[in-house]
Amino acid sequence: MDSCDVVVIGAGLAGLRCAAQLAMAGLGVTLLEAAEVVGGRQRTDMVDGFLLDRGFQVLNPAYPAVGRWVDVQALRLQTFPVGVRVRRAQGLVELAHPIRHPRSIPASLRSGLIDPRQLGALARWVAPTILRPRAAVRAADTTLRAGWDRFGVAGALRTEVLEPFLAGVIGEDLAREDQDGPETSDAFARLLIRMFALGAPGVPAAGIAALPAQLAHVARVAGVEIRLGHSVTGIASGPRAVDVAIRGADSLTARSVVLAVGPESVSSLVEIPAPPTRGLQTWWFATDAAPTPSAMLHVDGRRRGPIVNAVVMSHAAPTYAPPGRHLVSATCLLPHGGAAPVPEAVVRTQLAEMWGTGASDLELLRRDDIPDALSAQAAPLRTITPARITEAVYVAGDHRDTASIQGALVSGDRVARSVLADLTRLG
């Protein structure tokens with residue numbers, strides 16, 4: 001039976017960061033991953049010459065953890081314009097970040113979405129968090145909808161921009177009263193908006209999988225042994241060690257074990273409740289003629305269909321499509337409870353209406369149904385969850401921090417520091 005100081009289970013962002021930090025401190029670390037590649041939810045496949053991420057995903061370089069532990073320049077980040085194009089009943093309008101895109105100010109003012117009273121309400125809601133993010137974490141929290149109501153965020157800016165845009169970010173239909181699961185935290189939403197205001201999200205040139213691949217390289221250089229295709233079937237704590245059972249392979253023993261699997265799998269290995277999650281469905285289409293010249297994210301302010309956002313990926317990220325072709329993505333909320341998935345014809349109809357062009361020439365490449373795409377971030381906001389759940393077993397992941405790349409990295413690092421402190425104390 002093999003042994004090491006620490007076994008980390010799960011090679012997602014949290015597991016990779018945790019393993020690297022432990023190895024850098026001089027511990028012997030083995031990282032077990034059930035899949036044949038690292039990354040967890042951050043996956044990219046090559047399909048007919050197109051790069052398809054597992055669902056529409058972006059990397060925001062404004063996240064503090066990304067700035068500390070990721071070489072963004074090496075990823076060759078391809079950024080999206082900071083703004084949205086909104087399909088209104090009166091036509092297609094554009095709302096862009098006034099500082100990042102100053103030439104867009106006249107178009108934004110003509111959009112019909114800018115109301116001085118509502119802009120003031122939006123500023124009162126989010127400005128304190130932009131200036132003092134820690135205050136948002138420490139303050140009393142409520143649901144996002146209650147927060148908007150409190151500050152008077154209403155009108156077209158809320159119903160046609162904020163609600164459809166954030167639906168694709170948090171996986172919640174903010175227009176519905178009968179929600180599946182807990183409602184999103186107001187503080188969490190304000191922190192997200194802060195990151196969008198400060199950063200320019202994008203995708204790596206080689207796809208979102210380049211992010212965990214880089215973290216895996218750092219871990220290996222630090223001395224982590226990464227074993228792919230190793231599915232853990234059980235964890236048993238003994239008096240002086242923890243046994244980790246692996247399907248089709250010899251067990252491992254370790255002084256400590258870190259469980260860094262996704263929220264959908266954590267309760268199968270340890271006795272904690274399964275964290276609530278939200279699902280997304282992303283459609284990937286290829287086309288020779290782009291339906292719009294814009295690289296901006298498109299939302300449907302009319303809400304005449306299931307799509308929460310759509311974008312011509314290849315405008316912002318040319319590496320995602322072969323020369324002369326374009327890649328289009330359309331994301332919907334994935335129905336819960338076994339509801340029928342969205343029909344392709346409905347998606348095509350809404351895309352045609354959103355862009356004002358036909359959608360019959362779009363060639364379907366793949367549909368990604370991701371039931372556990374996002375951890376639900378319920379109110380009140382909880383940014384820190386105890387790292388250790390039993391004597392020598394720890395849990396890391398964005399579902400233990402904030403539901404984001406930032407949360408995954410911070411959780412992995414925080415759990416590593418907790419393991420180090422405990423092992424040092426025990427000697």
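The model is predicted, so local features need pLDDT of at least 70 and side-chain atom pairs count only at pLDDT 80 or more, while totals for chains, interfaces and linings use all residues. Residues are numbered from 1 along each chain as its sequence is written, and side-chain values use heavy atoms, with hydrogens and water left out.

**Exercise 1. Find the salt-bridge partner of aspartate 5 and say which parts of the chain the pair ties together.**

Step 1. Start with the rule: a salt bridge is a side-chain nitrogen of Lys or Arg within 4 Å of a carboxyl oxygen of Asp or Glu. By this rule the count comes to 24 salt bridges.

Step 2. The partner of aspartate 5 is arginine 255, and their closest N and O atoms are 3.9 Å apart.

Step 3. Now place both residues. Aspartate 5 belongs to strand β1 (residues 2-9) and arginine 255 to strand β12 (residues 249-259), so this pair ties together parts that are 250 residues apart in sequence. Strands (E, at least two residues) and helices (H or I, at least four) are DSSP runs, numbered from the N terminus.

Step 4. Finally, check accessibility: buried means under 20% relative accessible area, exposed over 50%, and partly exposed in between (1.4 Å probe, protein chains only). Aspartate 5 is partly exposed at 21%, and arginine 255 is partly exposed at 32%.

**Exercise 2. Is arginine 158 buried or exposed, and which network of salt bridges includes this residue?**

Step 1. Look at the pair: the side chains of arginine 158 and aspartate 149 form a salt bridge, 2.8 Å from N to O.

Step 2. Arginine 158 is buried, with a relative accessible area of 10%, whereas aspartate 149 counts as exposed at 53%.

Step 3. Widen the view: a network of salt bridges links Asp149, Arg158, Glu163 and Arg303.

**Exercise 3. Describe the surroundings of isoleucine 226, leaving out residues up to four places away in sequence.**

Step 1. Isoleucine 226 sits in strand β9 (residues 225-228) and counts as buried, at 14% relative accessibility.

Step 2. List its contacts (heavy atoms within 4.5 Å): isoleucine 226 touches Leu16, Leu31, Val38, Ala216 and Arg220.

Step 3. Compare sequence with space. Isoleucine 226 and threonine 30 are 196 residues apart in sequence, yet their C-alpha atoms are 6.0 Å apart.
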